[in-house]
There are 2 protein chains.
Amino acid sequence: DFPSPGYGPLEKGLKLTEELLQEFSRHPKIKIAVSPHTLYTCSPETIKKCIKLSERYSAPLHIHLAENSEEIAEIRQRHGKHPVELLSELGGVNERLLAVHCVKIGDKELEILYRGGARVISCPESNLKLGSGVAPLPKMLSAGICVALGTDGPASNNDLDLLSEMRTASLIHKGLAEDPAIISAKDVFAMATENGALALHFPDTGKLLPGYRADLAVLDLKKENLQPDYNPLALLVYSAKAGQVSDVMVDGEFIMRNHQILTVDENLIIEKIHEIKEQILAVLKNQKKM
Amino acid sequence: DFPSPGYGPLEKGLKLTEELLQEFSRHPKIKIAVSPHTLYTCSPETIKKCIKLSERYSAPLHIHLAENSEEIAEIRQRHGKHPVELLSELGGVNERLLAVHCVKIGDKELEILYRGGARVISCPESNLKLGSGVAPLPKMLSAGICVALGTDGPASNNDLDLLSEMRTASLIHKGLAEDPAIISAKDVFAMATENGALALHFPDTGKLLPGYRADLAVLDLKKENLQPDYNPLALLVYSAKAGQVSDVMVDGEFIMRNHQILTVDENLIIEKIHEIKEQILAVLKNQKKM
């Protein structure tokens, strides 16, 4: 409920979102979501407007929800309830909801999300790095909730590596539950693939089946750390490294071949990052002087 | 206290260890440790013999200690005490002790290890994968114990990647304590370098200082995931990938240059692994038939 550096005042944000929803309504690969940041930075009125917008365009509603203890405490103080309860009362818990994080969540809230058909995006490494905690993934899965894996952004994840995210999601729950079988390689692979497609409302992606889009990543299986290969899925989740992906195909088109990205100039991007870094350092230096 | 496929009956194991201790007593790079497996697979008598041997040769005593709840329960049932207490009473807690894991350990046991000057080797990813739990690293560090990082073996770790181990060690404690500052990149870097050297009794390794051995690993900083670089230590712990190490020098000699290992033939090793895999599969197939 305050101006954003991206779009200026609040009304402009809602207007921009609606324009994007119209522009990309029939785009085969781009899906626009309505994304109010959180329940503690947006008023219930703003959230309601967002929910209406997502309803009108059948678009996903993307919101950071129940990420950490501070959020739970703040929403409880302001509204006397858990963020999931509040969002549900505002009409936001349904099949369009992409609830990101859901770390601080109990059986009651899981039940609300399950009944509404909401999808959860879990970002385990970001939750760890920021000291938010650990989302109850095994509970979510056994409650029948569609949970997808995300990396969150570079500020709280650093490497944006989905293979590493699968590995962390798996290892942490085995360790915390003291049960190596509580979450399987198959579970986390599904979270990274088909559940992601379901969460983002792409019904024809996320699986290798006739009629589905050809979204492929090729791993170089000759690497030392991928020997021996008894179980391809376990190999992928527990041993493979992102740098060993040699080719990537999106909807039938290669965007990376033999470790070379074909659609963008990597060196140019790295140069640009260096420029921005120097600008940031200059600003910080000036601030120190003042 | 039972025959091993490696050396046959128990007495032969002790004899072999003593022979190795004599053979490598003045080797510059190889250090032999006396390593009884655990307190639940070795009798107190065997442990005592091992402790004496390590004392006689000033050699490290390497033992898996307090790894999981089953071990705690079993030792308590047999001996009425915690494994650390038992080992201490047997005379095994001193500066030579390399106590591996120490997951299930409280303030009392940490005090025993600290007073004895023991070193702990923590293998966070193995502890997670096996469902053992999470070792209290921040507590160990603030208790002043020398903790080093290990990967454990491929059966419980898969990737044997020390960079990933640093990242996991750091992330998990930030998340569990809900405090992103509870363990720093500097802490985990020290665990992976100088503490490792201290633990293994190599007084002139683990730091880049005059008089120390030149043990170096070179990272290719031009990779996308290593941009931008504001803090090299944070970059190394949170973003760098093992596959981006291009050169490795051990004691002044390169053993890897430009991603090529110079001391062994990688393809030959991969071939050998495939042969062994086929042998194992053949044995399993025969067992199924029976």
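## A tour of a two-chain predicted model

Begin with both chains in view: chain A can be laid on chain B by a turn of 180° and a shift of 0.0 Å along the axis, with an RMSD of 0.0 Å (a least-squares superposition on the C-alpha atoms of residues with pLDDT of at least 70 in both copies). That is the relation of a two-fold axis. To find this axis in the viewer, select A:Gly243, whose C-alpha is the nearest to it in chain A, at 3.5 Å.

Before going further, note that this is a predicted model, in which local features need pLDDT of at least 70 and side-chain atom pairs count only at pLDDT 80 or more, while totals for chains, interfaces and linings use all residues. Residues are numbered from 1 along each chain as its sequence is written, chains are lettered from A and ligands numbered from 1 in the order in which they are written, and side-chain values use heavy atoms, with hydrogens and water left out.

**Where the chains meet**

Colour the interface next: 100% of the interface residues of chain A are also interface residues in chain B, so the copies meet through the same surface.

Now select A:Tyr238, which is found in helix H12 (residues 232–238) of chain A; helices here are DSSP runs of H or I with at least four residues, strands are runs of E with at least two, and both are numbered from the N terminus. A:Tyr238 counts as buried, at 7% relative accessibility (buried means under 20% relative accessible area, exposed over 50%, and partly exposed in between, with a 1.4 Å probe and protein chains only). Leaving out residues up to four places away in sequence, A:Tyr238 touches residues of chain A, including A:Arg167, A:Leu171 and A:Lys174, and also B:Lys129, B:Asn157, B:Asn158 and B:Asp159; contact means heavy atoms within 4.5 Å.

**The largest cavity**

A search of the whole structure finds three cavities of 30 Å³ or more. On a 1 Å grid over the protein atoms alone, a cavity is a set of points where a 1.4 Å probe fits but cannot get out, a pocket is an open set with protein on both sides within 12 Å along at least five of seven lines, and lining residues have an atom within 4 Å of a point. The largest cavity has a volume of about 300 Å³, a volume being the space filled by probe spheres set on the points, which are joined across faces, edges and corners. Select A:Ser164, A:Arg167, A:Thr168, B:Ser164 and B:Arg167, the closest to its centre of the 26 residues that line the largest cavity. Helices H6 (124–129) and H9 (162–177) of chain A, together with H6 (124–129) and H9 (162–177) of chain B, each supply at least two residues of this lining.

By class, the lining of the largest cavity has 13 nonpolar, four polar and nine charged residues; Ala, Val, Leu, Ile, Met, Phe, Trp, Tyr, Cys and Pro count as nonpolar, Asp, Glu, Lys and Arg as charged, and the others, Gly among them, as polar.

**The second largest pocket**

Move on to the second largest pocket, which has a volume of about 420 Å³. Of its 22 lining residues, the closest to the centre are A:Tyr7, A:Leu10, A:Ser35, A:Pro36 and A:His37. Helix H1 (10–23) and helix H2 (44–56) of chain A each supply at least two residues of the lining, and H1(A) gives the most, with six. The lining of this pocket divides into 14 nonpolar, seven polar and one charged.

Stay on helix H2 of chain A and select A:Ser54, which lies in it and counts as buried, at 2% relative accessibility. Beyond its neighbours within four places in sequence, A:Ser54 is in contact with A:Val34, A:Ala59, A:Pro60, A:Leu61 and A:Arg96.

**Strands in each chain**

Next, select strand S1 (residues 61–65) of chain A, where four of the five residues are buried. Five bridges join S1(A) to strand S2 (residues 97–101) of chain A, and the two run parallel; within S2(A), A:Leu98 is the bridge partner of A:His62.

In chain B, look for an open sheet of four strands in the order S5-S6-S7-S8, with antiparallel pairing (two strands pair if DSSP finds at least two bridges between them). Its edge strands, S5 (216–219) and S8 (260–261) of chain B, each pair on one side only.
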